[in-house]
Amino acid sequence: MFQVNKPRSRLGSAVYIAELIYHNSVRAVRKTHGNAILAILMNMLQTVIFVLAFFFMFQILGMRGTAIRGDFMIYIMTGVFLYMTHSKTLGAVAGSEGPASPMMQHAPMNTAIAIASAMLSTLYIQLLSLLAIMFVYDVAFNPFVLQEIHDPIGCLAMILLSWFSGAAIGMVFLAVKPWFPTPVSIISTVYQRANMIASGKMFVANAMPGYMLVMFDWNPLFHSIDQSRGYAFVDYNPRNSNWEYALYLSLVLIMIGLMGEFFTRKHASASWSARR
C-alpha cells in the first residue's frame, strides 16, 4: 500500500526477473525435502535407479546384442537421460502454477516466471545427475568413458533439445489444463508412460523396419535419442531421424502453448475449481 515503485532500466528489469526465476527454481528443487542437499540427492536417486534398472533389464533379457558397438553404459544413458529430461520437464511445466494459483497473488510473481523456474529446476537436476553418474562410472568402472564419446557437445545439444521439446509439449498441456483438468492430466500421464516404448530408447532406429519406423518417427524424443547416439558413437550414423524435425516441432508447439496460456490467463478464475 505504501510501497513506492521506482522505474527500472532494461538491465535492472532483466536482473530482477532473473533473481525471481532463481529463487523460484530453488523453491521447486527443494519441494521434496526441507534439506537442500537431501532434496537434490532424492531427485538424482530416481535417475540413477532408472539407469541401473535398464542396465540390468538389458542384461537379463539378453538385449545387449541389439545395442550399438561401443560402451554399453553410454548406449543406456543416451536413451534414459534424454527420456528422463523430456518427461520430467513436461511434468514440471504442465504442473507449474497457473493463473489462478495462490502464488500469483504475490505482486512480483507471474506465470512466465513459474514456467521458466519449472524448466530450469528440472534441467539443473538432470544435468547434475548426468555429471554424478558419469563421474562415478568414469572413476569406478571405465576411466576412458569420456574419450569414447565421439562428440560430447552434440550429445549435450540433444539433451537440451529433449528438454526444450518436453517444455514445449508441457506448455500446450498447461494452456489447456484449466479448461479440461481431468482429461489433460490423463493424457499427460498416458503420453509419459507411452514414451517408455515410443521414445525408442531401447531400439536402434537404423535397424528398425519401415513398418515399425512409422510408429515412432512422429515423436520428437525419438529423433533426439537417435541423433544423440549418432554423436556418441563414431560407428553409428543415424539415417532415419533428424534433429531439425524435433526443433521445428518444438518451436511450433511452444508458440501454440504461449498463445494458449495467454488466452487462458485472461479468462481463468479460481472459482472454476471450486466445484471439484
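Contact here means heavy atoms within 4.5 Å. The model is predicted, so to speak of local features a pLDDT of at least 70 is needed, side-chain atom pairs count only at pLDDT 80 or more, and totals for chains, interfaces and linings use all residues. Residues are numbered from 1 along each chain as its sequence is written, and side-chain values use heavy atoms, with hydrogens and water left out.

**Exercise 1.** Find which residues V80 is in contact with, leaving aside neighbours within four places in sequence.

*Solution.* Start at V80 and look past its sequence neighbours: F50, V51, F54 and K201 are in contact with V80.

**Exercise 2.** Decide whether Q126 is buried or exposed.

*Solution.* First, the cut-offs: buried is under 20% relative accessible area, exposed over 50%, and partly exposed in between (1.4 Å probe, protein chains only). Q126 has a relative accessible area of 4%, so Q126 is buried. Then list its contacts beyond four places in sequence: T47, F81, M84, T85 and K88.

**Exercise 3.** Work out what surrounds C155.

*Solution.* Beyond four places in sequence, C155 touches I149, S228, Y231 and A232. Now compare chain and space: C155 and G230 are 75 residues apart along the chain, with C-alpha atoms separated by 8.6 Å. Last, C155 is buried, at 13% relative accessible area.
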